[in-house]
Amino acid sequence: MQGKILSNEQRARRQLSLDASCGSCHWPVESIIHILRDCVKARKVWNALLNSSQSAGFFTMDFQPWLKVNLISKIVWADGIPWNLVFVFTCWYIWKWRNFYVFHGDEELAFDSIQIITAAVKEWFKASNVSSIKCAKVEAWFAWEPPPAGVFKLNVDGSRKVASGHIGAGGVLRDVSGDWCSGFAINLGKGQILEAELWGLFFGLRMAVEKGFNNLIVEMDSAVAIQLVQQHDSLTFAPSCIFGVSRPRLICVG
């Protein structure tokens, strides 16, 4: 937009070259608009892409108006693809192929330029549409349910910071009315999320023992942790023998 890319006009202006002409068609001044639109090779590409209604004023505008008009265009090119997307890709490829010619000296491209532009545009358009599709939101409401009369509920959870690997755990113990009975939060150093969940369960049960709450329902959101505790033979009598509480009922929530 600011006319700063290194056309031969710019190179001559910056005293990087003595020749400001187009190396492809030998036009006296290779400006940016010449590279992107007016050079014989560029015009050939545009003529293959433009429809009849566009071509009338396309080649007569100055550089900045030409750029703006096509970038904000609402015209649909084909298959629902917006013209401004085609325009941007075409400008990019024309500039890329111009530089290829400058550095390699090949007079003609050994491929179908229109096919390459079309394929790139369609691929981008398809990918953009997929990423912009909004999935339907499904709302799920979770509420704390009180335990039966005479039973207390322990909710425990673990967390892990991905960047540092630090883990921690916390829990809260409530009665049938939902009143807070006790709670804890602990820093566990570095580890994995499963370790945090299991340590959270351990410290939660130990807290319950120390506070004298022996009839428990434990809720946590790690199905893996619950499965490990319930299926491990060596833990069959752990709640009563180690923690001194009736075997807790483990429930996965969330």
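**Close-up views of ring contacts and strand pairing**

**View 1. Arg 43 over the ring of Phe 59.** Arg 43 lies over the face of Phe 59, at 4.2 Å from the ring centre, where a charge sits over a ring if NZ of Lys or CZ of Arg is within 6 Å of the ring centre and within 35 degrees of the ring normal. This is a predicted model, in which local features need pLDDT of at least 70 and side-chain atom pairs count only at pLDDT 80 or more, while totals for chains, interfaces and linings use all residues. Residues are numbered from 1 along each chain as its sequence is written, and side-chain values use heavy atoms, with hydrogens and water left out.

**View 2. The aromatic cluster that includes Phe 59.** Phe 59 forms one aromatic cluster with Trp 46, Phe 58, Trp 66, Trp 83 and Phe 87. The whole structure holds 14 aromatic pairs (rings of Phe, Tyr and Trp, the latter by its six-membered ring, with centres within 6.5 Å; planes under 30 degrees apart are stacked, over 60 edge-to-face, the rest tilted). The rings of Trp 46 and Trp 66 have centres 6.0 Å apart and planes at 85°, so this pair is edge-to-face.

**View 3. Lys 153 between a ring and a strand partner.** The charged end of Lys 153 sits over the ring of Trp 144, 5.4 Å from its centre, and the bridge partner of Lys 153 in E4 is Arg 174. Strands E3 (residues 152-160) and E4 (residues 166-174) run antiparallel and are joined by eight bridges; strands (E, at least two residues) and helices (H or I, at least four) are DSSP runs numbered from the N terminus, and two strands pair if DSSP finds at least two bridges between them.
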